[in-house]
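Open the model in your viewer and colour it by chain.

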Amino acid sequence: MSELIRKDASELSALLQAGDISSVELTQAHLDRIDAVDGKVHAFLHVDHQGAIASARAVDERRSNGDALGPLAGVPLALKDILATKGLPTTVGSRMLEGWIPPYDATVVTKLREAGIVILGKTNMDEFAMGSSTEHSAYGPTHNPWDLERIPGGSGGGSSASLAAFEAPLAIGTDTGGSIRQPAAVTGTVGVKPTYGGVSRYGVVALASSLDQVGPCGRTVLDTALLHSVIAGHDPMDQTSINSPVPAVVEAAKRGDIAGMRIGVVKELGGDGYQSGVRQRFDEAVVVLQSLGAQIVEVSCPSFDFALAAYYLILPSECSSNLAKFDGIRFGLRAGDDGTRSVEQVMSQTRAAGFGDEVIRRIILGTYALSAGYYDAYYGQAQKVRALIAQDFAKAFAQVDVLISPTAPTTAFKIGEKLDDPLAMYLNDIATIPVNLAGIPGMSLPIGLAPEDNLPVGIQIMAPAMADDRLYNVGAALERALLAQWGAPILSSMAGV
Amino acid sequence: MAAISRDDVAHLARLARIDIPESELDHYASQLDAILEAVDKVSGLDTSGVEPMSHPVKMENVFREDIPAPSLNAQQALAGAPAVEDSRFRVPRILDEE
Amino acid sequence: MAEPVIAFDQALKEFDPVLGLEVHVELGTRTKMFCGCSTEFGGEPNTHVCPVCLGLPGSLPALNRIGVESAIRIGLALNCEIATWCRFARKNYFYPDMPKNFQTSQYDEPICFNGYLDVDVDTDEGRKTFRVEIERAHMEEDTGKNTHMGGATGRIHGADYSLVDYNRAGIPLIEIVTKPITGTGKYAPEVAKAYVAALRDILRGLGVSDVKMEQGSLRCDVNLSLRPSPEHELGTRSETKNVNSLRSVERSVRYEVTRQAARLLAGQRVVQETRHWHEDTGVTTSGRSKEQAEDYRYFPEPDLIPIAPSREWVEELRSTLPENPAVRRARLTKTWNISELEMENLINAGVLELVESAVNAGMSPDAARKWYTGELARVANERGVEVEELGVTHVELARIEALIATGALNDKLARQVLEGVIAREGDVDSIIASRGLAVVSDDGPLLEAIVAALAADPEVAEKIASGKVQAAGSVVGAVMKATRGQADAARVRELLFAHLGVSE
């Protein structure tokens with residue numbers, strides 16, 4: 001295995017800037033790694049060998065010309081297949097978009113390209129980002145590099161697995177209810193869901209518009225911050241994006257000083273239903289934070305008990321409308337058009353053929369929740385619960401600087417274990433969902449392996465809206481302390497693919 | 001809240017334009033029923049006097065100036081379409097005009 | 001196919017009509033409501049499209065400021081209240097001309113509401129003002145255009161397939177909805193027409209739309225119901241779509257009154273449905289049933305931010321409103337030195353704006369009025385269209401008028417030139433050249449024609465010579481006929497008297 005692929009993006013950035021390595025060399029090393037292991041991991045749906053090398057070469061040329069380049073120029077990245085890429089397939093893990101090549105780039109993709117970041121390919125995901133295991137991908141599941149029989153989390157399991165398998169040093173995910181943070185937790189990597197509106201959603205195939213957010217994934221807090229600062233910022237193409245300066249995340253990730261900081265442990269996000277090893281590692285992390293000078297308090301957010309229910313009304317409602325455009329007319333699959341059927345029949349056949357079970361379940365559920373007779377009881381009530389959850393956060397942040405909880409109730413489960421039980425699957429996101437409902441930022445950071453299964457456990461750090469920098473400050477402090485304790489990064493204890 | 005029946009699923013599937021085979025209606029109905037029972041929990045919270053939250057970040061009055069931006073050309077616009085004729089999207093016969 | 005009807009007067013004896021009008025106006029913004037694509041009419045299919053208005057996966061709407069400002073200005077001109085806070089909502093239904101399979105519209109939070117518009121209608125008791133109350137004016141987006149292919153008719157029924165062009169998709173629309181209009185009695189058709197005409201004038205005055213009914217930038221749906229008397233509850237209504245001229249608004253109301261009355265008198269009920277207006281046959285035919293309420297699953301559009309027009313902004317927009325039409329009329333009556341009756345004639349003929357632009361372009365008020373209420377009104381009436389739909393510009397009229405002043409055209413020739421202009425044969429001068437319409441002022445041929453006319457009717461020369469100069473008319477007429485109208489009549493008269501050695 002090339003040593004290059006094990007390095008962090010920040011180290012690679014230094015090597016590239018010093019001229020010690022070229023981006024072509026670095027990109028090729030990652031493509032080789034993908035060729036070697038992705039048959040087992042299946043993190044990628046599409047690998048863009050030629051495009052990646054061409055981008056790398058362009059960056060190398062610009063560097064040799066003395067052009068000013070951003071810190072991540074020349075570093076390769078894995079892109080979740082939910083972001084539109086001009087000239088590259090974008091499937092969203094669905095048969096519906098098999099073979100579709102968008103005529104435009106998502107704003108985040110434009111920013112990545114402008115920063116000279118090399119896109120290796122598109123990563124696997126639960127179909128339309130609906131799921132917590134990547135098993136709902138129409139193109140087959142992704143396997144967790146820690147144990148190939150286990151799930152890598154979802155919906156962004158491809159992105160998290162690509163990091164853990166050293167196929168890419170950086171990745172982009174999207175997070176509607178935990179799709180960046182839960183995969184990060186179960187693969188021993190770092191993932192951040194920025195403040196809603198902090199990163200443009202333009203060109204991101206929508207699941208639930210008021211919950212979706214694009215975010216950075218990496219193997220270290222600093223790498224994640226570097227990527228965060230590239231993709232964040234106001235975009236006039238997304239009118240829900242916030243028009244104010246990007247929080248100073250890189251500085252925060254370099255600082256890592258939490259002395260005197262008040263940190264709240266959310267009472268409702270832990271305890272029963274959380275695996276014992278998860279609870280144990282979380283409690284130990286709390287002790288570490290305390291030892292770093294933070295003041296720990298328990299905070300109660302009683303409405304969080306209703307978050308999952310509210311989420312599974314709001315999300316299906318919005319997605320039932322967002323996914324209406326997939327009708328076989330302007331793009332993608334068309335089924336049943338034999339010349340005898342009406343457009344209505346062809347649309348219905350197309351949608352039945354193109355969508356998987358989980359997508360159909362959620363569309364039907366959302367159609368129901370928005371129906372005239374049920375709107376107030378379901379969608380309307382869920383939006384009110386949402387307001388109460390946001391109020392709980394506001395009250396909590398009046399007392400503390402950040403909140404913490406385990407990221408997910410369990411470590412990575414076995415592929416197939418929860419596939420036929422949607423409700424059990426939904427519970428994976430029980431701790432991550434409140435953050436999306438309130439629109440605030442959240443990070444997942446590895447805090448060790450659960451003793452009972454030797455699988456990674458993540459801590460979730462939550463901050464007020466537009467205080468994303470606090471996540472990186474706390475994350476960096478904790479990461480540094482844990483690394484000192486462990487002596488090596490968590491991924492070095494992985495058996496390897 | 002009322003349980004979701006096989007007929008409800010069939011009706012909702014029609015509204016959502018998804019051709020669910022007869023044989024799968026019961027399966028969907030039982031799964032959706034279980035989910036609905038779980039999400040019905042929202043009705044247990046007293047929300048009187050609470051304003052529904054439709055946007056996670058409070059913002060108002062965001063506009064785009066009325067300045068033309070480049071469009072796609074017809075070839076780009078039609079490239080992903082399953083059927084095209086005469087620079088337009090070809091669709092099966094439409095039963096009734098909205 | 002045509003349904004039974006009874007006489008309009010008969011229907012009005014039995015029933016009280018209640019109107020409701022929904023007008024959709026396409027705004028004349030440069031770009032679409034939610035993206036930067038051009039709103040220009042025409043254009044090759046699918047060339048004014050982008051990921052947003054094609055509804056491609058990942059795209060997001062970005063609201064056009066001018067779209068919102070136009071909506072507010074329309075609301076203010078219609079005496080509406082302007083919402084202090086409102087949102088867009090998604091109206092969910094599947095249709096191939098709607099790229100996202102939901103329309104971004106407004107639901108229970110329209111930007112403008114509770115307004116009115118006063119319209120004047122001639123009644124048996126003289127001119128009367130009817131107040132039309134406006135329920136709401138809200139913002140939404142237009143759909144693409146379907147062309148139905150195959151089959152015999154090119155219509156939707158029997159077509160084999162359809163072709164969709166999304167150039168129109170996403171063009172800003174303002175939907176203006178009236179409250180039920182009661183108390184019009186037999187004047188329901190006139191009130192409906194007067195309302196749409198007045199609305200059109202206001203919209204044109206605001207400069208927010210080109211309000212061309214024939215191009216679909218102003219579209220009208222006419223709701224009509226009947227009830228036995230004003231004391232009764234509202235009856236079941238029909239919604240007639242595709243009513244795309246002022247005349248059709250009036251005619252379709254008249255037709256629906258007679259159709260619904262015939263049904264009710266025959267003991268049948270009126271079906272709640274959309275109906276299609278057929279300009280050619282003057283009837284409506286049954287469309288989609290609306291007996292079952294559609295479930296549009298409206299919810300607040302999460303991709304767009306709420307609109308909260310500050311009172312300062314609203315007042316700023318109010319200050320941009322053009323002169324109130326009534327004040328303007330009084331002013332023009334005075335400046336043009338015409339009577340109130342003459343002004344009313346201009347308004348009734350729907351040509352006030354046209355006359356004003358012609359005058360602004362340098363034509364005399366009298367000449368402009370003469371053309372618009374005379375010859376152009378006659379031709380328009382003959383063809384059953386509005387004067388403006390004839391497409392004659394004031395530039396063309398000014399040229400014709402100038403040629404009359406120099407004697408190069410006479411009135412009769414001018415009418416023929418106008419005919420050419422309406423037929424789009426070219427500009428005024430090229431029409432005169434190609435049709436050979438110049439006035440004959442060469443004395444030679446005129447004198448020849450005079451001699452011939454006198455020879456054909458010898459008595460007339462004696463009459464003129466004996467002082468009965470009015471007899472000259474028949475000679476001039478004969479000469480005009482012989483020259484197919486191209487003679488200068490005044491010159492013919494002069495030559496005639498000179499020839500006979502008589503002084504006038």
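How many salt bridges are there between chain B and chain A? The count is one. Keep in mind that this is a predicted model.

Select B:Arg17 and A:Glu344 to find that salt bridge: their side chains meet with an N to O distance of 3.8 Å.

Next, select the side of chain B that touches chain A. H1, H2 and strand E2 (88-92) of chain B each supply at least two of its residues, and H2(B) gives the most, eight residues. Sorted by class, this side has 35 nonpolar, seven polar and nine charged residues.

Now show both sides of the interface. Here 51 residues of chain B are in contact with 61 residues of chain A. The two chains bury about 5000 Å² between them, and carbon and sulfur atoms give 71% of that area. To see where chain B loses the most area to chain A, pick B:Arg17, B:Val42 and B:Met53, which together make up 14% of what that side buries.

Show the side chains of its buried residues: B:Leu25, B:Tyr28, B:Ala29, B:Gln31, B:Leu32, B:Ile35, B:Leu36 and B:Val39. What do the buried residues of H2(B) pack against? In chain A, the partners are helices H10 (307-322), H12 (357-370), H13 (376-399) and H14 (422-426); in chain B, the partner is helix H1 (6-15).

Definitions and conventions
Residues are numbered from 1 along each chain as its sequence is written. Chains are lettered from A and ligands numbered from 1 in the order in which they are written. This is a predicted model: local features need pLDDT of at least 70, side-chain atom pairs count only at pLDDT 80 or more; totals for chains, interfaces and linings use all residues. Side-chain values use heavy atoms; hydrogens and water are left out. Buried means under 20% relative accessible area, exposed over 50%, partly exposed in between (1.4 Å probe, protein chains only). Helices (H or I, at least four residues) and strands (E, at least two) are DSSP runs, numbered from the N terminus. Contact means heavy atoms within 4.5 Å. Buried area is the accessible area (1.4 Å probe) that two parts lose on being put together, summed over both. A salt bridge is a side-chain nitrogen of Lys or Arg within 4 Å of a carboxyl oxygen of Asp or Glu. Ala, Val, Leu, Ile, Met, Phe, Trp, Tyr, Cys and Pro count as nonpolar, Asp, Glu, Lys and Arg as charged, and the others, Gly among them, as polar.
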